Amino acid sequence: MIPVVKDHEEQALDRILEQFKDKPNVAALIKGWMKGVQTTEESIFDILENMSIQTAYGVQLDNVGKIVGAARGGRSDESYREHIQLQILINTSEGTPTDILEILSLITDASLVKSFPHYPVGGNVYTNGSKIP
């Protein structure tokens, strides 16, 4: 992830050209600009952090759910977070065996998922998950 710069003002003043170092008006202008830059950067990173599925909660999580098409349905934040992740997998799935096993692993909270095809049309899946969907 991109690191947040905590001291734009200090960095800008350190990078000022030598002929402007002793000019208080130039320093004041740079300080004013950099306060705006610092505020903007902190706001952007705050938005990015709150829109992450892992860190969002409450209304922010509801907004993420709306984007992916997952209704809250009275779920707690933790349960809703899992539902959103499942919905994202479903939205991006192409129906391949790997996609299906990944979705099964998420909904059963499994560390091991296997498929056993029975040709021509059928198969079984195994999961060591602790949840039953």
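Good morning, everyone. Keep in mind that this is a predicted model.

Let's start with the fold. What does the secondary structure of the chain come to? Five helices and two strands. Now read along the sequence. The pattern runs α-α-α-α-α-β-β.

Next, the overall dimensions. The chain has 133 residues. A compact globule of 133 residues would have a radius of gyration near 14 Å. This chain has 25 Å. Along its principal axes, the trace spans about 80 × 35 × 25 Å.

Now the surface. Buried residues make up 23% of the chain's 133 residues. The chain exposes about 9600 Å². Carbon and sulfur atoms supply 58% of that area.

On to charge. How many positive and negative side chains does the chain have? There are 12 positive and 18 negative ones. The centres of the two sets lie 3 Å apart.

You will find H8 in helix 1, which covers residues 8–14. Is H8 buried or exposed? The cut-off for buried is under 20% relative accessible area. H8 has 14% relative accessibility, so H8 counts as buried. And which residues does H8 touch, leaving out those up to four places away in sequence? H8 touches M34, V37, Q38 and E41.

That's my tour. Thank you.

Definitions and conventions:
Residues are numbered from 1 along each chain as its sequence is written. This is a predicted model: local features need pLDDT of at least 70, side-chain atom pairs count only at pLDDT 80 or more; totals for chains, interfaces and linings use all residues. Side-chain values use heavy atoms; hydrogens and water are left out. Helices (H or I, at least four residues) and strands (E, at least two) are DSSP runs, numbered from the N terminus. The radius of gyration is taken over C-alpha atoms; the globule rule is 2.2 Å times the number of residues to the power 0.38. Buried means under 20% relative accessible area, exposed over 50%, partly exposed in between (1.4 Å probe, protein chains only). Accessible areas come from the Shrake-Rupley method with a 1.4 Å probe; for residues, only the protein chains shown count as cover. Lys and Arg count as positive and Asp and Glu as negative; His and the chain ends are not counted. The place of a charge is taken as NZ of Lys, CZ of Arg, CG of Asp or CD of Glu. Contact means heavy atoms within 4.5 Å.
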